[in-house]
There are 2 protein chains.
Amino acid sequence: MNSEFTIAVHSLALLAYRPDHMATSDMIAHNVCTHPARVRKVMAMLRKQGYVAAKEGIGGGFLLNCNPDEVTLAEMYRLTSMGSVKPGWCSGDEEQDCMIACNMATVMDHIFSGAEKQLIDYFGQWTIRDVLEQVRKEQQSK
Amino acid sequence: MNSEFTIAVHSLALLAYRPDHMATSDMIAHNVCTHPARVRKVMAMLRKQGYVAAKEGIGGGFLLNCNPDEVTLAEMYRLTSMGSVKPGWCSGDEEQDCMIACNMATVMDHIFSGAEKQLIDYFGQWTIRDVLEQVRKEQQSK
DNA sequence: CTTACTGTTATTATATTGATTACAGTTAGA
DNA sequence: TCTAACTGTAATCAATATAATAACAGTAAG
């Protein structure tokens with residue numbers, strides 16, 4: 001799993017939480033605990049898909065541009081981490097005589113595709129609002 | 001996802017496919033396309049759980065010691081890749097004042113645990129036999 | 001007692017990931 | 001119009017994770 005997924009979810013939750021629904025990359029980076037440039041990279045993806053708006057120049061930053069009740073983690077997964085279930089390394093070798101060696105890569109590919117579908121279904125059940133709610137519950141339970 | 005999962009599944013399928021249900025680490029490594037030492041490492045895990053038996057010395061190798069109809073990919077996942085859904089990198093910082101920063105790591109942790117459960121459920125639907133069947137189908141479709 | 005195996009650890013090479021730097025472009029406000 | 005505070009983006013460096021390889025002890029068949 002790509003950790004840009006985590007950054008995207010965290011950033012949207014933070015924007016949804018803030019009263020003005022706005023924050024600079026410095027503020028987000030500090031909250032998330034990473035480098036502002038990394039945040040800007042992830043936010044650029046979110047901006048291109050319309051989840052946030054970016055304002056350059058003084059007083060600028062990122063503004064939430066979606067409904068946290070409707071945006072699911074599945075969308076964030078697709079945006080940031082699609083394909084990450086399948087390992088980079090593949091077994092087998094198309095050139096061999098053995099039926100197993102020849103076809104295992106393709107079969108594992110199918111299996112990993114199915115696994116990713118399952119994962120996306122699961123993430124589809126979580127909205128940004130749900131994440132915020134969980135954060136609140138976690139806070140209260142202290 | 002850990003690619004040792006792939007090696008474990010491929011190796012069991014290969015053993016199940018071979019008439020004598022036996023192969024050396026060299027043979028498996030060649031079939032899988034990796035180094036024999038890596039195969040031995042994975043097979044040692046399978047042996048400790050009783051999925052295969054190992055015979056040392058001349059004429060030795062690994063022998064299938066389980067029913068391919070019953071062993072599922074979920075077991076292979078647990079054995080080789082448990083925890084791999086959650087990225088190594090975590091956002092947030094317990095020390096901060098912000099409710100989001102403080103609790104996001106815990107919440108994401110819950111979310112990734114749920115995701116892994118989903119994945120394991122899915123892998124539980126696949127047996128080694130199913131993998132072999134898929135390989136056969138793939139071969140026929142050429 | 002030699003040869004062909006497994007078991008295991010250590011080391012090295014490679015790939016992936018994240019941090020950091022750098023700088024161009026933008027905009028508000030003095 | 002100039003400056004300061006932003007984003008956008010690419011390039012580079014550092015850290016980490018992954019896979020390959022080497023090495024060698026232990027074991028068993030012939």
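Author: Start with a term. Buried area is the accessible area, taken with a 1.4 Å probe, that two parts lose on being put together, summed over both. Note too that this is a predicted model.

Reader: How much area do chain B and chain A bury between them?

Author: The contact involves 55 residues of chain B and 54 residues of chain A. Of the buried area, 72% is on carbon and sulfur atoms. The total that chain B and chain A bury is about 4700 Å².

Reader: Which helix gives the most to the side of chain B that touches chain A?

Author: Four helices of chain B each supply at least two residues to that side: α1 (3–17), α2 (25–32), α5 (99–124) and α6 (128–140). By class, the side has 31 nonpolar, 18 polar and 6 charged residues. The top contributor gives 18 residues, and it is α5(B).

Reader: How many salt bridges does the rule find across the interface of chain B and chain A?

Author: Polar contacts do occur there: the rule finds 14 residue pairs, both at pLDDT 80 or more. A salt bridge needs a side-chain nitrogen of Lys or Arg within 4 Å of a carboxyl oxygen of Asp or Glu. Across this interface the count of such bridges is 0.

Reader: How many charged residues are in the contact of α6(A) with α5(B)?

Author: From α6(A), the residues include V131(A), L132(A), R136(A) and E138(A). Those they meet in α5(B) include M99(B), I100(B), M104(B) and H110(B). By class, the contact has 8 nonpolar residues and 5 polar ones, and the charged residues number 2.

Reader: Within chain A, how do α1(A) and α3(A) lie: roughly parallel or roughly perpendicular?

Author: Helix α1(A) spans residues 3–17 and α3(A) spans 36–48. Residues of α1(A) such as I7(A), L12(A) and L15(A) are among those that meet α3(A), where V42(A), M45(A) and L46(A) are among the partners. The contact has 8 nonpolar, 2 polar and 3 charged residues. The axes come within 10 Å and cross at roughly 80°, which means roughly perpendicular.

Reader: Which residue forms a salt bridge with K86(A)?

Author: The whole structure holds 10 salt bridges over all chains. In this one, the closest N and O atoms are 2.4 Å apart. K86(A) lies in the loop between α4 (73–81) and α5 (99–124) of chain A and its partner in helix α5, so the pair ties together parts 23 residues apart in sequence. The partner is D109(A).

Reader: Which residue of chain A is in contact with T34(B), leaving aside neighbours within four places in sequence?

Author: T34(B) lies in the loop between α2 and α3 (36–48) of chain B. Its contacts in chain B, with those neighbours left aside, are I7(B), A29(B) and V39(B). From chain A the contact is W89(A).

Note on methods. Residues are numbered from 1 along each chain as its sequence is written. Chains are lettered from A and ligands numbered from 1 in the order in which they are written. This is a predicted model: local features need pLDDT of at least 70, side-chain atom pairs count only at pLDDT 80 or more; totals for chains, interfaces and linings use all residues. Side-chain values use heavy atoms; hydrogens and water are left out. Contact means heavy atoms within 4.5 Å. A polar contact is a pair of N or O atoms within 3.5 Å; within protein, one must be able to donate a hydrogen and the other to accept it, and residues adjacent in sequence count only if both atoms are side-chain atoms. Ala, Val, Leu, Ile, Met, Phe, Trp, Tyr, Cys and Pro count as nonpolar, Asp, Glu, Lys and Arg as charged, and the others, Gly among them, as polar. Axes are lines fitted to C-alpha atoms, for helices over the stretch in contact, and angles run from 0 to 180 degrees between N-to-C directions. Angles under 35 degrees count as roughly parallel, over 145 as roughly antiparallel, 65 to 115 as roughly perpendicular and the rest as oblique.
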